[in-house]
Structure formats: structure tokens, C-alpha cells
Amino acid sequence: MMYGRSYETEDYVLTEEQIRSFHDEGCVTLPDVLTEHEVSEIEKVFENFLNREIHVPGKDFCDMSKPFGTPFESWSIVNCMLPTRYHPPFQNNIFERITSKIVKQIHPNLDMVKDYDQLLNKRPGKSDAVFAWHQDMGYWPAPEVLGVKETNTCTFSLAIDDSTEENGCLRYVPGSQISRTLRQHTPLSGSRDEGHALKLEVDESKGDMIKLAPCKRGGVTVHDEWVVHGSSGNMCKDRQRRTYVLAYRPRVVVEAERRLGFTHSHNDNVNWDTFDDGHVKKNESS
């Protein structure tokens, strides 16, 4: 069997080791998922969002490292939520088509569907372009809220630029997802109304091991919903770090989220701490 990318069928075949790494560590890096031409085509649309040529309303265009209302010129991490909602021609692009096949190899027994997408850019020389340590489940309704037992998630992050330690590549705590418990999170900006981001503490003295996940342009990292992860600032004066994020979850989970009014838009009319059910996730701890 030929592993990796097939350019005739738009398939990307994972090795057993790659699948095992995702399940054991909570994260895996896949090289050469998209060709240079394919990345360049996505990059054109990406830049139209960053330049605000495509309008994104309200809080769905924001800085993920600073409070809402920070002037655009002062942003460090440009965040655009749900780009295919705001620019429908971007739907069913090559990244969506290939990842929809990869996710079936990671979770062959689940009906995994697209949940949300996101564009991120760490501007050059922004040492404060930090994604604080967190678990994705800290941002989302718990299964008790949704009335489901399943939480499985595959979040694909396409490197539009080479992602390195210097410009703030993904870092994670391998195996931190195994217990499937939520560590205590607190809002980065005082409250979720002031800023969307959350943070948690990573303690290497208590066994947390930090691993970097650098990724070349066209490559992809894939992480799950429980693994502790984040990234440092961009120390490169002349290089940005642009990332296209696409997440898949079981259809039953996505449908339950939508019934709750949760679409991953920062404009959703939900209580970000309780999701209107009295289940305060930020007070949960492992």
C-alpha cells in the first residue's frame, strides 16, 4: 500500500503509526498533505480575509490573545471564525475534501462531519501572539449539556507558512488526553465577555511533558479535544504564521450543538461559561 498523498484521487493514506500516535499522544503531524499549488490557492482567499476584503461580522473577526475591542492595528493573533460561512465559494475546497477522507481513517466507526473552521495568523514579531495552554473541551459544551456520550474530535491545522518554534508552532502535552478529564480553565481577559480565550496551568514538575509539533507549509497537525496544547509567540520579525483550522466531530454531536444554538461563532447568543444549563465548565478540574 502507498502511504501519504495520492494526487490522482485526492486521498491521503495514513500509516498505522500515524493513527496510533494520534490516539496515544493526542496529536500527530502529517507532512505534504497539500501541494504548493493547492496551498497557494487557499492562501489567496486567506489573504482576502486578513485584508478585510471579505467581511466577517462582530466578534468572529478578532484577536485571540487580547480583549474584544482592541484596535486592529494592535492585534497579534488575527482570528477569523467560520470562513466558509462568510465566503460560501470557499466551501468544499481541497483541504475539506482531503481531511474528510483522513478523518475516516482515524475514527472509522464514527460518522464524523465538519463542525467548524477558522483562520489564524500570528503577525511577525509579536512575542505576545500566544495561545495559552488549554483543552478544546474547555471552550465547548460538555457531553452532559449536549445529551450525548461522544466527544471525539479531529482538529486539522494546515500550515500556510512553515510553522517552527521561532514563529510559535503548536506545542502539546502528549498523553494528557487519555484521562478525558477537563483541567481547570480560567478566562485570559478576566471574563468571557471581555475576551474569548481561556488558559490553564501546565506543570512539568507534576509530570507534564511538553512536545513541539513543527510543520512545513502544506503539512497538517491533527489533535483531539482533550489534549492540553497551546503555542508561544512569534519571535520572527519577518515571518508570519498562518494556519487554516478545520474540525470534525460525530454527526450526533454537531446536531446537538446546533440544537443548543452553539455554532462556534463568537457571536452565538449563549452563556460561554454555562451554555445556559448551569454546568459551569471553568470550575471543573481534573
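The largest cavity holds about 480 Å³ of space, and a search of the whole structure returns 4 cavities of 30 Å³ or more. By cavity I mean, on a 1 Å grid over the protein atoms alone, a set of points where a 1.4 Å probe fits but cannot get out, with lining residues being those that have an atom within 4 Å of a point; grid points are joined across faces, edges and corners, and the volume is the space filled by probe spheres set on the points. Please keep in mind that this is a predicted model, in which local features need pLDDT of at least 70 and side-chain atom pairs count only at pLDDT 80 or more, while totals for chains, interfaces and linings use all residues. Residues are numbered from 1 along each chain as its sequence is written, and side-chain values use heavy atoms, with hydrogens and water left out.

The lining of the largest cavity consists of 28 residues, and those nearest its centre are Q118, L120, F131, H134 and D136. Sorted by type, the lining has 11 nonpolar, 14 polar and 3 charged residues, where Ala, Val, Leu, Ile, Met, Phe, Trp, Tyr, Cys and Pro count as nonpolar, Asp, Glu, Lys and Arg as charged, and the others, Gly among them, as polar.

Which strand gives the most to this lining? It is β6, with 5 residues, and among the other strands that each supply at least two are β8 (154–159) and β15 (241–250); strands here are DSSP runs of E with at least two residues, and helices are runs of H or I with at least four, both numbered from the N terminus. Of the 11 residues of β6, 10 are buried, so this strand is largely enclosed by the rest of the structure, buried meaning under 20% relative accessible area, exposed over 50% and partly exposed in between, with a 1.4 Å probe and protein chains only.

Turning to the pairing, which requires that DSSP finds at least two bridges between two strands, β6 runs antiparallel to β5 (residues 77–81) over 5 bridges, and M81 stands opposite Q118 in β6. On β15, β6 pairs in the antiparallel sense over 10 bridges, with Y244 as the partner of L119 and L246 as that of D117. β15 also pairs with β8, again antiparallel, over 6 bridges, T155 standing opposite A247, and 10 of the 10 residues of β15 are buried.

Next, the nonpolar core, defined as a set of buried Ala, Val, Leu, Ile, Met, Phe, Trp, Tyr and Cys residues joined through side-chain atoms within 4.5 Å. The largest has 58 residues, and those with the most contacts inside it are L34, I42, F95, I102, F156 and V222. Leaving aside residues up to four places away in sequence, L34 touches R5, V39, I42, I94, F95, I98, L158 and G218, a contact meaning heavy atoms within 4.5 Å.

Finally, some loop positions. R52, in the loop between α2 (36–50) and β4 (61–63), has a positive phi of about 65 degrees although it is not a glycine, and it counts as partly exposed because its relative accessibility is 47%. R180, between β9 (170–172) and β10 (186–187), likewise has a positive phi, near 55 degrees.

Technical notes
On a 1 Å grid over the protein atoms alone, a cavity is a set of points where a 1.4 Å probe fits but cannot get out, and a pocket is an open set with protein on both sides within 12 Å along at least five of seven lines; lining residues have an atom within 4 Å of a point.
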